[in-house]
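Visitor: I am new to this structure. Please show me how to read it, one feature at a time.

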Amino acid sequence: MKKIASLGKDFSQWYNRVVLQAQLADYSPVRGCMVIRPYGWAIWEQIQAGLDQMIKAAGVKNAYFPLFIPYSFLEKEKAHVKGFSPELALVTHGGGKELKEPLVVRPTSETIMYRMYAKWIQSYRDLPLKLNQWANVVRWELRTYLFLRTMEFLWQEGHTAHANHQEAQEEVQRALLMYRDFYRDYLALEPFVGEKSERERFAGALQTFSTEILVRDGKFVQAATSHDLGQNFSKTFEIQFQDQDGQLKYVWQTSWGLSTRAIGALIMAHGDDRGLILPPKVAPVQVVIVPIPGKTKEEKLREFIASVVRSLRGIRVEVDWREGLRPGYKFNDWELRGVPLRLEVGDRETREGAVTIVSRIDSEKLIVNSEKLKLKVDSLLAEFQNKLLGRYRQFVRKNTHLVNSWQEFRETVEERRGAILAHWCGSSDCEAAIKTETKATTRVLPLTAKKEPGKCVWCNQAAQYRWVFGRGY
RNA sequence: CGGAGCGUGGCGCAGUUGGCUAGCGCGCACGGUUUGGGACCGUGAGGCCGCGGGUUCAAGUCCCGCCGCUCCGACCA
């Protein structure tokens with residue numbers, strides 16, 4: 001196995017190698033599409049399990065809608081089709097015949113779902129309707145990148161319909177904060193959370209909110225979004241209900257999603273020169289046991305390890321019994337794959353009834369009596385999760401820059417990257433100019449932003465808030 | 001789609017002004033010695049040299065076309 005490139009030297013090479021060598025994913029024979037391998041898939045399963053629980057806890061039910069959408073459905077919402085038409089995959093033939101109307105392979109499911117919503121919603125008693133689906137979607141991307149931008153990707157998309165705008169807006173915030181909490185509690189990441197600018201808004205939404213994750217090379221990954229769709233879709237899809245007052249009204253809608261891109265963000269945010277570092281909450285393997293053959297009879301070693309595994313019930317443990325590989329090789333291999341804790345078991349441990357534990361995050365080593373092992377491992381895993389979050393927060397602090405002038409802005413983007421907090425007047429022209437000049441875009445107006453009158457870094461006109469700027473993936 | 005680079009056993013690469021049986025390292029298989037931070041020795045398997053066409057006595061090498069990958073732009077979860 002080749003060593004991976006240093007993260008600081010060539011970030012994209014580092015990233016590609018980590019993904020390939022840790023066997024998270026591989027390139028596929030189909031351009032722009034990737035194969036998610038078992039180890040990568042296992043991470044996605046952990047993400048799904050955690051998030052699905054949160055989604056259900058909010059009273060949202062899972063369902064499944066078709067992969068194909070009649071082209072005319074997308075055309076109905078003007079902004080929506082305009083936003084998506086450049087990246088649609090169209091099915092023009094089926095069963096050997098040309099179709100009367102082409103089918104779109106869904107790039108997102110608003111239109112197909114809302115056609116059904118129109119059928120299902122009659123009364124205020126049918127509201128709110130809150131559905132989620134775990135699905136794949138296709139967008140014809142020109143330039144792809146493992147996990148972060150592939151032509152086909154996996155996600156969940158939640159779609160809710162409400163009787164009034166306020167309730168819908170509350171749902172938008174609820175979903176947004178759910179994502180924030182999920183990133184914090186499961187992936188040990190603290191995203192920037194806030195509203196997107198008009199330019200960056202979802203095609204067909206009144207407002208778009210996003211969680212934005214700063215990664216190791218100082219760029220941002222848009223990591224989940226939540227949209228207030230207002231009545232844009234309900235009016236085009238005729239989703240009407242009769243309210244308590246007898247009036248026929250259009251529903252207010254939201255949609256929100258998190259994709260396999262989260263895995264890319266996870267890798268990029270926590271990784272180091274040795275490879276991945278996975279938060280215990282989503283690590284497919286939380287504890288790996290590396291047997292170290294020595295003078296101890298193999299039978300005895302196996303027996304001891306079996307008892308260790310038994311004591312670790314409830315923890316995702318794997319024993320690396322691969323033959324012909326020396327321990328040092330295995331250490332490196334599991335470090336590359338980001339397993340939080342490594343247990344070493346050899347002569348010493350078997351003799352003393354103890355195991356050596358090594359942490360992936362700081363290589364700290366300690367020896368623990370096997371009787372106290374379960375408790376210790378539990379606390380080490382919890383501690384690991386916290387340390388990782390703490391370390392990430394520190395990284396974000398170090399890479400967040402308060403900037404007050406254009407010169408400072410430009411220098412910061414060029415030399416330090418990271419999150420730039422700067423005043424912006426809100427004009428799309430200024431935003432576009434800033435992007436052209438520096439490749440940095442507005443990421444979000446943080447929810448926590450306080451009114452702080454100042455001058456727009458670009459045009460010097462009055463500005464009320466500091467926005468988060470940065471380069472994005 | 002524009003710019004740059006690259007496609008040669010699974011991976012990383014070498015292959016000269018076209019020339020003989022296409023090589024090296026890693027990995028893989030088998031045997032042995034090893035095993036506390038990427039082991040060593042021996043034997044061996046594995047190639048439509050990205051695809052298609054052309055030039056030539058002769059093409060991995062030259063020419064044309066196409067496809068794919070990486071990086072940089074435009075686009076984006």
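This is a predicted model: local features need pLDDT of at least 70, side-chain atom pairs count only at pLDDT 80 or more; totals for chains, interfaces and linings use all residues.

Visitor: Let us begin with sheets. In what order do the strands of the eleven-stranded sheet lie?

Guide: Strands of a sheet pair through backbone hydrogen bonds, either parallel or antiparallel. Here an open sheet of eleven strands runs in the order β3-β7-β8-β14-β11-β10-β9-β22-β25-β21-β20, and its pairing is mixed. The edges are β3 (61–62) and β20 (400–402), each of which pairs on one side only.

Visitor: How many bridges join β22 and β25, and in which sense do the two strands pair?

Guide: Strand β22 (residues 441–446) and strand β25 (residues 465–470) are antiparallel and share three bridges. Within this pair, T442 stands opposite F469 in β25.

Visitor: Which strands does helix α8 lie across?

Guide: Helix α8 (residues 261–270) lies across β8 (152–162), β10 (207–214), β11 (220–230) and β14 (252–259). The helix runs at about 145° to β11.

Visitor: What is the strand order in the sheet of three strands?

Guide: That open sheet has the order β4-β6-β5, with antiparallel pairing. Its edge strands are β4 and β5, and each pairs on one side only. Direction ignored, neighbouring strands of this sheet are turned by 45° against each other on average.

Visitor: Which residues face each other across those strands?

Guide: Take the two pairings in turn. Strand β4 (residues 68–70) pairs with β6 (residues 97–105) over three bridges, and I69 has V104 as its bridge partner in β6. Strand β5 (residues 89–94) pairs with β6 over five bridges. There H93 stands opposite E98, and G94 has K97 as its bridge partner. The hairpin of β5 and β6 has two residues between the strands, and G95 takes a positive phi near 60° there.

Visitor: Is V308 buried or exposed?

Guide: The test is a count of other C-beta atoms within 10 Å, and 20 or more means buried. V308 has 23 such atoms, so V308 is buried. V308 lies in helix α9 (residues 298–311). Not counting residues up to four places away in sequence, V308 touches I289, V345, V355, S370 and L373. For a sense of distance, the C-alpha atoms of V308 and L445 are separated by 50 Å, and these residues are 137 apart along the chain.

Visitor: What is the phi of F147, and where is F147 found?

Guide: F147 has a positive phi of about 65° although it is not a glycine, and F147 is found in the loop between β7 and β8. F147 counts as buried because 27 C-beta neighbours lie inside 10 Å. A188 also has a positive phi, near 55°, and is not a glycine. A188 sits in the loop between α6 and β9 (192–195). With 26 other C-beta atoms within 10 Å, A188 is buried.

Visitor: Last, how many residues surround RNA strand B, and which are the closest?

Guide: RNA strand B is surrounded by 47 residues, and the closest are L142, Q222, G328, E344 and G346. The elements giving two or more residues to this surface are α1 (11–21), β11, α10 (327–336), α11 (347–352) and β18 (354–359). Helix α10 provides the largest share, seven residues. By class, the surface has 13 nonpolar, 17 polar and 17 charged residues.

Key: Residues are numbered from 1 along each chain as its sequence is written. Chains are lettered from A and ligands numbered from 1 in the order in which they are written. Two strands pair if DSSP finds at least two bridges between them. Helices (H or I, at least four residues) and strands (E, at least two) are DSSP runs, numbered from the N terminus. Two residues are in contact if their C-beta atoms, placed from the backbone, lie within 7 Å. Axes are lines fitted to C-alpha atoms, for helices over the stretch in contact, and angles run from 0 to 180 degrees between N-to-C directions. A residue is near a molecule or strand if its C-beta atom, placed from the backbone, lies within 6 Å of it. Ala, Val, Leu, Ile, Met, Phe, Trp, Tyr, Cys and Pro count as nonpolar, Asp, Glu, Lys and Arg as charged, and the others, Gly among them, as polar. A residue is buried if 20 or more other C-beta atoms lie within 10 Å of its own, exposed if 12 or fewer, and partly exposed in between; C-beta atoms are placed from the backbone.
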